[in-house]
Each structure stands twice: as C-alpha cells, then as structure tokens.
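Let's take a friendly walk through this structure together. Have the sequence and the 3D view open as you read.

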Amino acid sequence: MRKTVLMLLSFLAFLSFSQQTLAQESNNGIYIKLGEAKTKKSLMAFPALQYAGSPTTTSKAQATGAEIFNTVTNDLTISSYFQLINSAAFLEEASKGLTPAPGNPNGFKYESWKALNADFLIKAAFSIVGDELTLETYTYHVPRASLVFGKKYQGKVSTARRMAHTFANDLLKELTGQTGPFLSRVVVASDLNGTGKIKEIVTMDWDGNNIDQVTNHKSICLSPAWSPDGKTIAYTSYIKRIGNKFRNADMVLLNLASGKRAPVSYRKGINSGASFDPDGKHIYLTISQGERPDIYKMTYDGKLVLKVTNGPAGAMNVEPAVSPDGSKVAFSSDRSGRAPMIYVMDANGNNVKRITFAGQFNSTPAWSPDGKKIAFAGQSEDHFDIFVMNSDGSDMKRLTSARKPNGKWAFNEDPTFSPDGRFVMYTSDRTGKNQIYISTVDGTEERRVTNDEANYYKPKWSSNLE
Amino acid sequence: MITEETELEESINNEEELPRGLVVSFILHALLLSFFTLKAVFFTPEAIDYSAAIRVDMVGLPDKIQTLPEPAAKEEAKPALPEKQKEKTPPPPPKPVEKPAEKPLEKAVKVPPKKDPDAINLEKNKNDQKNAMEKLKAMAALEKIKEDVAEDKKKKEAGAGKDAAGPAKVKGNVLSAGSSLTGLERLQHDSYIVDLDKHIKNQWQLPEWLSKRDLKAQARVTIDSNGNILSSKIVKSSGNPSYDDEVLATIQRAAPFPKPPEKFTNILSVDGILIGFPE
C-alpha cells in the first residue's frame with residue numbers, strides 16, 4: 001500500500017516537474033506566418049496593334065487588327081487579373097518598336113510605361129499576306145524591364161478572333177500557371193428573336209460571339225449539355241415522332257461536327273436534364289415515365305444501366321450534375337418536404353446527403369471543375385439568385401442581386417462554371433430579356449455577356465476546346 | 001465478561017480501521033490531487049485569463065529592477081541600461097520587497113563565479129609553480145583558454161556584435177536571449193508579436209495573377225529599437241522573381257515596424273523577424 005502511494009506521489013512530482021520544463025521550452029524566436037495575401041489587379045498597358053504588312057493593304061487590315069485588339073482587351077479585362085490603362089494616358093506612340101529602346105533604336109522606352117505605373121506592357125504587330133494572318137506579341141514586365149512572354153501566331157484571317165483568344169490564354173498560362181477560359185464555348189437554349197415561343201439550341205463563344213444555331217426543330221428545345229470532349233451535345237426537345245399524337249420531351253444526342261443527331265431516350269414523359277459522365281460513356285438524366293421523375297444512368301445509345309435515385313414515394317429527383325471526377329452526383333429533390341433542396345450522392349445512388357437547408361427552392365446544381373464548389377439557383381423571397389458553396393454545403397456565398405428597370409427583383413438562374421473555375425455564368429432577366437451574365441466566383445465582378453433581343457435559357461459552359 | 005470482550009473486540013476493530021481509513025483518505029486525496037494535476041498538465045488553458053494579472057506583474061517588476069543596478073553596477077553599468085529606461089514608463093509601486101532579491105541574487109551568483117575561479121586558479125597556480133609541477137600551469141592555461149572560448153561563444157550567441165561588449169554585457173544579452181520567457185516578458189513578447197503580425201498582414205498584398213500559384217517564400221527582417229528596418233532579405237526564395245519582389249515590397253511598405261519592447265531590441269536587431277509569405 002505504501003509503495004503504491006509513494007509511486008503515486010513520485011508520479012505526481014514527475015508530472016508537475018515535466019509541466020515546468022514544458023513551460024520553459026517556449027519558443028523565443030519571432031516567426032510570423034502571414035497567410036493568404038490580399039490581391040490587387042495589375043495595371044496593363046496594351047497599345048493598338050501595329051500593322052507590319054505592306055502599306056497597300058493597310059486599310060483592309062485595319063478591321064482585323066481592331067478585332068484582335070478588342071478581343072484580347074476584353075479577355076484580359078474580364079479575366080479580372082488586370083486593369084487596362086486608358087490609351088489616352090499613354091506617353092508614347094503605339095508605333096514605337098516592339099522591343100525596348102537601347103537595343104532597338106526605334107524601340108519603346110520602359111520609362112514611358114514606368115511613369116504610368118504599368119506592371120505589364122503588351123506590344124503586338126500583325127500582318128496579312130493573302131489569306132494568311134500573322135500576329136506577333138511581346139509581353140513585358142515593366143518594373144523589372146524584362147520580357148515575360150513572346151509568341152508569334154499564324155493562321156487564316158478568318159481565325160483572327162480565335163488567335164486573339166489563344167494569345168490571351170497563353171498569356172494567362174504564362175503568368176498564372178493556369179490556362180485561360182477564352183477558347184471555350186457555351187451551349188444554350190434560345191428563342192433567337194425574343195418571342196419566347198420556339199426555342200432552339202445555339203452554341204456561342206464564351207464571350208457571346210460567333211453564335212451558331214445547331215437545331216431546327218421549330219419546337220421547344222431545353223437543357224443542353226456538353227459531352228466531356230466538347231464534340232457532342234445532348235438536349236431535350238418536344239418532338240412529335242411519327243405515329244405519336246402528342247409531342248414528347250425526348251432526349252437527343254447531336255454531333256456538332258457532322259450535324260448527325262439521334263434520339264437516345266424517348267420514354268413517355270420527361271427525358272431531360274442530361275449530365276455527361278466524365279468517363280465518356282454514360283449520361284445521367286431525369287426520366288419521369290409518367291410518374292414522379294427519377295435520375296437514371298444511361299449509355300450513349302440509350303440503354304439504362306442504373307436507376308440512381310429511387311423515391312421516396314412521391315418525391316421528385318431531378319437535375320443531375322455529375323462531379324468532375326465522376327464519383328458523385330448532385331441533384332435537386334423535394335424529398336424533404338415541399339421545398340426542393342440540393343442533395344449530393346455517390347454515383348451509384350448511395351450516401352444521399354442533403355447539403356442546402358436555406359431558402360424556399362434550391363435547384364440546378366453545377367460543379368466547379370475542381371469539384372470543390374457547387375453553384376445553384378436559390379429562391380429566398382419571390383425570385384431566384386445564384387449562390388456558390390463548398391461541395392459539402394459550407395461557406396455559401398450569394399453572387400447575384402439585381403432589380404429590373406421596373407424595380408422588381410430580377411430572376412438569376414441556371415449557373416454553370418467556367419473551365420478554369422474562376423467564373424460562373426448564368427441567365428438574368430434584369431433587362432427584361434433573359435440574357436447571359438458572368439460573375440467572378442466570389443461575386444466581386446459581374447458582367448453581361450450577350451447583348452441582343454433574344455432570351456437565353458440554361459447555358460452550359462464547355463471545357464477548353466481545341 | 002461477555003460485554004467486556006465485545007468492547008475489546010470493538011476497540012481492536014477500531015484500531016484496525018483507523019489506519020485503513022487513513023490509507024483510504026490518503027488514496028482519495030492522492031486521486032484528487034492527481035486529477036487536478038493531470039487536468040492542469042493536459043488541459044492547460046492559454047494564459048489569456050491572466051490578462052488581468054499581467055498588470056500586477058508589471059507593477060512588481062520595476063521594484064526588481066531598482067535593486068538590480070546595485071549588484072550590476074559593481075561590475076559594469078551596461079547591463080542595467082535597458083532596465084533603467086524601463087523604470088521611467090511604469091510608476092514604481094513600492095510593495096514587493098522580498099521578491100526582488102531573487103533574480104538579482106541569481107545574477108550576482110552567476111556573474112562573479114566567472115571571474116573568481118580565474119583569479120583563484122591563477123593564484124593557486126603561482127603557488128604551485130614555486131613548489132613544482134609545470135603541468136598544473138598548463139592545466140590552468142587550458143582551463144583559461146576553455147573559459148575564454150566559452151565566453152567568446154556566449155558573445156557570439158548573444159550576437160551583440162555592435163557594441164564592444166564586456167563580459168557583463170554579454171551576460172545580460174544571454175539572459176534576454178534565453179530560452180525561457182515567462183511572466184511579463186512572455187506577455188510583452190506575445191502582444192508585440194500580435195502587433196507585428198497585424199501590422200505586416202495589413203501590407204501583405206499580391207497581384208492576383210501571382211496569388212494562385214502556391215508560391216512560398218521566407219524573409220528575415222532586422223529592425224532597430226524604433227522599428228526602422230536595418231536589413232531585409234529573402235532567406236527562402238519562392239523561385240519566382242516576381243513573388244520575391246512582392247515579398248520585399250511588402251516589407252518595405254510595412255516600414256517602420258511597431259516599436260519593439262526594450263527587452264527584445266537585441267533579438268530584433270540581430271536575429272530579426274522571420275516572416276513566412278504565406279508561411
């Protein structure tokens with residue numbers, strides 16, 4: 001007994017002693033971790049492009065030069081990395097050489113741009129010979145007086161805009177380590193003329209240019225989606241097939257290059273909301289078959305391989321969105337009661353987790369390319385807005401809040417992420433028409449993309465296209 | 001008789017129970033004690049709650065310093081300097097008289113042994129020399145060399161390279177650079193670091209195009225007693241010249257740094273501050 005007591009006491013003594021020594025081992029060196037930095041935009045000077053071709057073709061070339069210049073300017077501005085300096089402030093003619101002065105007698109002077117506090121200077125020239133366009137670019141870091149990126153591009157004159165996007169992509173890749181999203185496209189349903197009756201599927205550059213109408217059903221076409229390689233789209237159209245009395249919402253696959261299309265799911269009722277599995281073999285979609293809709297997994301030739309959601313009875317499970325790694329599916333469901341909410345489940349339908357609890361109606365989930373975030377449209381009062389949250393539902397941020405000219409709240413719907421994950425695209429009726437907008441993923445900058453009389457519905461942003 | 005016997009038995013039983021009760025109470029106490037000790041060891045709250053007590057410590061310290069100059073002055077005036085200035089700032093309340101003796105004693109004890117053994121050894125050696133054994137002399141010389149080396153080392157550790165410092169000065173520096181900061185020093189140290197952290201963070205800015213690249217750099221900054229930058233250099237480069245430029249620019253924007261407490265001016269002007277961008 002005494003022994004144990006003694007042992008206890010010595011143990012206690014040891015403990016108190018070790019506590020003292022621990023306290024004495026405090027770190028005396030001063031070390032500070034700063035954590036994440038605040039960010040700022042860099043000032044960029046981009047003088048007009050010089051024409052390096054023969055003087056006789058100058059006037060014809062001007063339009064091409066302006067198109068390249070405007071496209072690059074728009075890309076870099078929207079990238080939100082840069083603020084472009086107004087050319088009225090420039091202290092030097094745009095015609096100064098493409099390389100700096102001491103080496104090049106007619107070259108530009110760094111001092112002229114340092115005086116403007118410019119961080120970057122892009123000097124570019126182009127020439128046109130016959131049908132061939134050449135674009136030569138030099139991007140300099142002004143404070144360090146060094147060339148950061150120089151590249152020459154060649155192609156047909158008709159690809160001028162594409163060439164400009166390619167340059168902007170390359171420049172972002174060089175500076176940020178991540179390719180820009182400027183060569184991506186958008187597939188979207190549109191009434192084309194603002195009448196709102198017939199809706200066809202169109203594709204366009206991410207900045208709203210080069211609109212192509214890819215369907216001509218003279219019917220209502222809905223919820224298009226890109227295949228992982230960007231070569232095929234799936235969409236739903238109210239088609240009247242031979243032998244049927246009524247139009248049915250059938251799903252169609254369309255090869256963009258060949259224009260070949262094939263119905264893949266035409267079960268009675270809704271066949272809609274395609275989301276391509278990144279495996280390149282399967283599509284998740286909503287099928288109602290006249291009942292409450294559920295989510296199914298289907299091959300490209302329409303064979304159902306899995307009923308992914310199953311009830312609960314009376315509940316609808318719609319709008320599947322496959323995560324970029326193919327392991328999870330986000331969807332909206334009213335299984336919790338009257339209000340549809342966002343849920344995430346494993347790709348085989350197990351482990352269903354509700355991830356939104358706020359608002360009255362949450363729908364149209366969309367994954368960020370890294371799979372870390374989910375955007376959705378949420379209704380809190382009488383209108384929808386775009387929200388972004390972590391894929392577990394935490395850290396929810398509102399991206400939109402806009403009123404129409406008549407003072408009523410605008411509807412902002414159907415979010416989709418840019419291929420670099422830095423932007424979210426959606427539609428908004430704030431002007432009266434349902435137009436396409438993009439916002440930075442933190443909601444700090446919002447821009448209108450389309451500027452016409454048409455209405456657009458359910459845009460989907462492609463990956464970077466070749 | 002029967003009753004007597006039972007009484008006896010009872011008393012015997014009582015005698016037996018008494019030590020048992022003692023043991024039980026002892027164990028219970030031990031358990032209680034161990035509980036609180038364990039709790040104190042493993043669930044020690046940070047010293048935040050002592051914030052009120054900090055001021056009591058600060059009141060107590062100036063008195064300690066008042067007594068310090070006396071023993072220190074015998075050797076050299078220098079070590080007292082930093083603390084003298086401190087007297088000016090907090091009003092010295094005369095209460096604690098017993099405590100102050102502790103620290104100065106330690107110092108006084110630590111300081112003299114350094115020189116005294118030398119003197120004693122030398123004297124002994126002289127006596128021994130007369131008698132015999134040159135070996136002892138050599139031993140003494142060796143010892144002296146050893147001590148000199150040790151002192152040199154301490155000088156270097158303290159790093160007070162600027163002032164031609166005597167041994168006492170070095171001692172003072174060693175004390176302030178010591179591995180243990182407790183009480184007031186610890187709190188001053190902590191609150192200064194909080195100030196520094198906030199101050200530099202305010203200036204920590206990157207161009208957005210650089211911010212997503214997962215770059216990391218560390219810089220060391222030394223500052224003088226007013227917080228002005230003496231030197232700043234990248235000790236761990238990010239590998240990206242633009243990022244390193246931004247790191248140095250952030251440090252320049254942060255100048256002057258918050259004025260450090262006197263105790264730390266030596267550390268800050270020599271060892272400096274290691275800043276991680278972002279870690």
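Phe46(A) sits in the loop that links strand 3 (42-45) to strand 4 (50-51) of chain A; strands here are DSSP runs of E with at least two residues, helices are runs of H or I with at least four, and both are numbered from the N terminus. Bear in mind that this is a predicted model, where local features need pLDDT of at least 70, side-chain atom pairs count only at pLDDT 80 or more, and totals for chains, interfaces and linings use all residues. Residues are numbered from 1 along each chain as its sequence is written, while chains are lettered from A and ligands numbered from 1 in the order in which they are written.

Is Phe46(A) buried or exposed? Phe46(A) counts as buried because it has 23 C-beta neighbours inside 10 Å. The cut-offs are 20 or more other C-beta atoms within 10 Å for buried, 12 or fewer for exposed, and partly exposed in between, with C-beta atoms placed from the backbone. Beyond four places in sequence, Phe46(A) is in contact (C-beta atoms, placed from the backbone, within 7 Å) with Thr73(A), Leu84(A) and Ile122(A). Leu84(A) is 38 residues from Phe46(A) in sequence, yet their C-alpha atoms are 7.1 Å apart.

Now look at the largest nonpolar core, which has 134 residues. Such a core is a set of buried Ala, Val, Leu, Ile, Met, Phe, Trp, Tyr and Cys residues joined through C-beta atoms within 7 Å. Among the residues with the most contacts inside it are Met44(A) and Met425(A). Met425(A) touches residues including Val186(A), Ile436(A) and Trp461(A).

Finally, chain B has eleven helices and four strands, and 19% of its 279 residues are buried.

How values were computed:
Two residues are in contact if their C-beta atoms, placed from the backbone, lie within 7 Å.
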